[in-house]
Amino acid sequence: MRDRPTSLPIRFDAVTYSAGTTAILREVSLSIGAGPPTVLMGPNGSGKTTLLKMAMGLLTPVSGRVDYADQKDQARRHAFVFQKPVMLRRTAARNIAFALKAAGRANDPAVIARLLESVGLGALADRPARRLSGGEQQRLALARALARDPEVLFLDEPTASLDPAATKGVEDIIARTAQAGVKIVMATHDLGQARRLAGEIVFLANGRLLEQMPASTFFTNPATTEARRFLAGELVI
Amino acid sequence: MSALELIVSGDARLFAIVGLSLIVTLSATFFAAVIGMPLGALIALTRFPGRNALIVILNGCMGLPPVVVGLGVFLLLSRSGPLGELGILFTPQAMIIAQAVLIGPIIAALTRQVIEDLWAEYRDELVAMDLSRTSRVATLLWDARFSLMTILLAGFGRAAAEVGAVMIVGGNIDGFTRVMTTTIALETSKGNLALAIGLGLVLISIILLINAMAWAVRGWAERHAG
Amino acid sequence: MRLRPILIAAFLAIGTATLPASAQDKSIVVASTTSTQDSGLFGFILPKFKAKTGIDVKVIAQGTGQALDTGRRGDADVVFVHAKAQEEKFVADGFGVKRYPVMYNDFVLIGPKADPAGIKGGKDIVVGLKAINDKASPFVSRGDKSGTHSAELNLWKAASLDPAGTKPGWYREIGQGMGAALNTAGAMLGYVLSDRGTWISFKNKGDLQIAVEGDKRLFNQYGIILVNPTKHAHVKKELGQAFIDWVVSGEGQQAIRDYKIDGQQLFFPNAGTGS
């Protein structure tokens, strides 16, 4: 699908990160390659968000390194959907236009309309973005990320505060995007969502990487007791 | 003649004074904003040695006494001063400069705070979008526009209400540099207290009217793009 | 967002609209005193001058000391003040070209109707001031180096008193203009020295009245001086001299004579004969 150089795989080599005296990531080494969605799992505070932001280049490791297959980050097409996306103070359509411009793409009304349509917001193009509902805002954030025509799309708990119907809407878009060849890297602690979307699971606990394996293996036969307890605990609740 | 009669009779001199007040203060607010807002945003988004000291000084300058500002600008623009060649002492331009100097720090300091708070909220999103430094500043200024409008109104109100600076650098020349506040001061000194109060009410009404208009614009804009 | 360039253009237009065409602008700046301005004299005579010559006279009303300083800095073309000694020094120091006597008015000692010093109706200012000192009655001084202030200090000297130096509690220096001094005197029921012009046009008389008037020592001479163009090359000497020539001419003198409030003449022209 793409002729341009790929940044995948993204390699973490003994990456450590701390905020003040609190260690967030401890000596994490992993490789995120092309293929079906990679889903980061683990309890709150396990380091999922930090790992995502570091892969995106928003945070710099205290020690260790993050490497991309291509060395030039100028042309890199990565996009990020935050847990609480910031809606710019303008209409939905202009939020998309803004992202297009930032990515150096032409401000084409047809492209904007198609992106809004693809996340089901076609009718709300002229609505101020801050007046959209939580689910609509999350979908607009997705459309804005897709406006970058990303090779890799990072998502941090994209459905954390949404009801089931809104969650389904967002998941459908993610699945479609993955099918279109975009590499999905997302964090969630919704087990059902992980089962539905993941091709690969990365399991973190307390800042350490405990498991990285195909999703089917992780859910049936996790290697660590932490992962087993996590799966069991979550299922009980 | 009472202030009410002056207004009702559409006194041309009163309108000239009100007009000059608005031109001087709106121009001063404009120039103070053009310099103060990007400056405040720049300080909000950059880290450099002495930044905290600069912020403290800037915040402190929000309380600059108008008379001191007026005196400083007076000494600068006086024929015997460094900018005497311009020959603009006792002109409306001098008054615009003095008021801009007076409210520039207010606009810069408040903008700095607003942009810094907004930056904390927007940082990750804007960096993730690969925005250039100038685009970041422009985006933050635009998205903070409703707060910035309130800042502009604060600056405008302060400039419109001050008398010390324009009195010194304008000279309160009848028909040339006489504005609302210097007229009020003059009428007070002449003992025309009723007229002075009346003019004061006119001034307050104008400031209220401008604030009401700004509020209406804000409401409209927020419904359509907020 | 698209509105912004329009707004910017509008503001710039407004800003530049206020710029006067200073090159061919036919106007002069006259530094004068608050008492002349507050009395309304300029409002009466300047339109006549403008009608005849087309010259705009921009008056900055300050205390005499400040007005002379404005001239000294070169920020005015003409000074029109009333403190003879200071004016002569101004000319002697080379800041002014020549001093022309223009007119006089007189000072009056104003006091509360209750008259705590018991000097109402007096004709001798020295007796009046001594009584104020003896009774320690409140006295409001301009304290602003104005012509009225220096006249007041000279009168205390004539009475062999020095309240400005010894600063007794009843002597209050307010550092403001004539109208403000009268307002203050009215509020604290004190005595105050005022020029007659400001007193007549002062609307907030309250419980104040004239206590002492008519003493020769209360005579108040005004002079007009062109700022020296050899000190400040930008001084508009032709226009400034034209104004001076008009003020001391028969026509200007008549205009001064014609200015009345409530039928009372405020200023007495004496260009030919005055000092």
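1. Strand 1 of chain C pairs with strand 3 (residues 78–81) of chain C, in the parallel sense and over 3 bridges. Within this pairing, Ala31(C) is set opposite Val79(C) of strand 3. The model is predicted.

2. Strand 1 of chain C has a further parallel pairing, over 7 bridges, with strand 2 (residues 56–62) of chain C. Here Thr33(C) stands opposite Gln62(C) of strand 2.

3. The contact between chains B and C draws on 24 residues of chain B and 28 residues of chain C. On the chain B side, helix 2 (12–45) and helix 5 (92–128) each supply at least two residues. Helix 2 of chain B gives the most to this side, with 4 residues. By class, the chain B residues that touch chain C comprise 10 nonpolar, 11 polar and 3 charged.

4. Chain B also touches chain A: 13 residues of chain B are in contact with 16 residues of chain A. Helix 5 and helix 10 (193–225) of chain B each supply at least two residues to the side of chain B that touches chain A. The most comes from helix 5 of chain B, with 6 residues. This side of chain B divides into 6 nonpolar, 2 polar and 5 charged residues.

Terms used: Residues are numbered from 1 along each chain as its sequence is written. Chains are lettered from A and ligands numbered from 1 in the order in which they are written. This is a predicted model: local features need pLDDT of at least 70, side-chain atom pairs count only at pLDDT 80 or more; totals for chains, interfaces and linings use all residues. Two strands pair if DSSP finds at least two bridges between them. Two residues are in contact if their C-beta atoms, placed from the backbone, lie within 7 Å. Ala, Val, Leu, Ile, Met, Phe, Trp, Tyr, Cys and Pro count as nonpolar, Asp, Glu, Lys and Arg as charged, and the others, Gly among them, as polar.
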